[in-house]
Structure formats: C-alpha cells, structure tokens
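Colleague: I have a model open and would like to go through it with you. Could you keep the answers plain?

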Amino acid sequence: PYISLRFAESFHKIAAKLEYMKSRHGDKVFAITSVAENEGKSTCAANIAVSLADRGNKVMILDLDFKKPALYKIFSEEAIENGEISDLLAEKVSYEDFAFRRFKKTSLSVAVNTKADSEYRSYIENGSIVKLIESLKAEYDFIIIDTAPLSLDSTVTDIVKMVDKTILVVRTDTVPVNILNDSISTIS
C-alpha cells in the first residue's frame, strides 16, 4: 500500500518481458542474483513473482539463498513443520508432504528457509535442486529463484547453470564497474 505506481509498473514491465521470453523461447525458470549484499535482490525477486502472479500466471518462488535467506521476511512467513526448503532438498520431507505456502489469495506459491543451512552445497552435488526444479516445471508457469549474491557464494554459478535465464540486480553506485563486468562474465 505504500509503493508508488511507477515502482509497481516497473515490475509489471519486467513480468511482461519474462512472459514474452517464455512465449518466444520457452524460458520459465529465472534466477535473481546480485553482485553484493543489500542490492535489493530478494525484494526484486519477490516483486517479479507477485507481478507474474497478478498477470494470471501460476508462479513458484524459491529461496535458494542458504546463507542469508530473506524471502520469509518479505512474505511474512513463519517456520512451520515440513515447510523448510532445506528439509525438502535434504530429503527429510517428501515432495508430496512438503508445505508449499500460498501467498494470500494469489496464484503465487512460496518455498522458503527461515534459517541458514550449511549443507547447501550437497543439494547441488547430489542433484536435489535440479530434481526440484524439474518437478516444479510441470506444475508452474514460472519459477523464480532467489540466490545468494555472486561475491559471497561460489555455488550461485552452479545454480545459474540450472535455470533458463539469470537476472542480475545492481544497486546504483554500489559495486565498481570492473567487478560488475566480471560478474556478468561469470554468469555468461
């Protein structure tokens, strides 16, 4: 209720571009990352997901920032039994029993962590993340993945390989251009 029309409209434009990419190339899995912390990556991921859902798409947003998860705060989610994405990836809970959360009365589903997880590298190595993405692709129009910043976690490059496209969030006057260019090269 406290955002400007211009702010909301900018995310609707991004959502329209993602819909175009899907219709044109079949892209439906997008990673959202940044170079450094506090650049607005999780906020952008959440707003893109909400905008896609507002446009009638069935959307899943995954918090794969295992070092400093933030989506649970943005969506005001509490820790619940069978509701931590780390438990799903560690196979402590089955896909069928996992408590995917619905955001209000929208077509947006949310899978979050409420705490950091030091075992996250094993989810990449054992293929748990790839299996989850493949399972979700059959059910959802779009999958938005919030990752850790590139400069803080080397596994982000592994996650980027699992998605169709990556969106790099950059805060003005925060990261030097040479580091930004290196990050773009890393993603490419």
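Colleague: Where is E91 found?

Modeller: E91 is found in the loop between helix 4 and strand 3 (101–102), where helices (H or I, at least four residues) and strands (E, at least two) are DSSP runs numbered from the N terminus. This is a predicted model, in which local features need pLDDT of at least 70 and side-chain atom pairs count only at pLDDT 80 or more, while totals for chains, interfaces and linings use all residues. Residues are numbered from 1 along each chain as its sequence is written, and side-chain values use heavy atoms, with hydrogens and water left out.

Colleague: Is E91 buried or exposed?

Modeller: E91 counts as exposed, because its relative accessibility is 60%; buried means under 20% relative accessible area, exposed means over 50%, and partly exposed is in between (1.4 Å probe, protein chains only).

Colleague: And what is the phi of E91?

Modeller: Phi of E91 is near 60°, which is a positive value in a residue other than glycine. Most residues other than glycine have a negative phi. K104 has a positive phi too, near 45°, and K104 sits in the loop between strand 3 and strand 4 (108–111), where it is exposed with a relative accessible area of 67%.

Colleague: Changing topic, which residues of helix 6 are buried?

Modeller: In helix 6, which covers residues 128–137, the buried ones are S128, I129, L132, I133 and L136. Seen down the helix axis, these buried residues fall within an arc of 135° (taken from the directions from the axis to the C-beta atoms), so they line one face of helix 6.

Colleague: What do they pack against?

Modeller: The buried residues of helix 6 pack against strand 1 (29–34), strand 2 (59–63), helix 4 (85–89), helix 5 (120–125) and strand 5 (142–146).

Colleague: What about K68, where is that?

Modeller: K68 is found in the loop between strand 2 and helix 3 (71–74), and at 46% relative accessibility K68 counts as partly exposed. Its side chain makes a polar contact with the side chain of E37 at 3.4 Å; a polar contact is a pair of N or O atoms within 3.5 Å, and within protein one must be able to donate a hydrogen and the other to accept it, while residues adjacent in sequence count only if both atoms are side-chain atoms.

Colleague: How far apart are K68 and P149?

Modeller: K68 and P149 are 81 residues apart in sequence, and their C-alpha atoms are 9.8 Å apart in space.

Colleague: One more, what does D164 touch?

Modeller: Not counting residues up to four places away in sequence, D164 touches G26, D27, K28 and V29, and the side chain of D164 reaches the backbone nitrogen of K28 at 2.8 Å. D164 lies in the loop between helix 7 (156–160) and strand 6 (165–169), and D164 is partly exposed, with a relative accessible area of 31%.

Methods:
Contact means heavy atoms within 4.5 Å.
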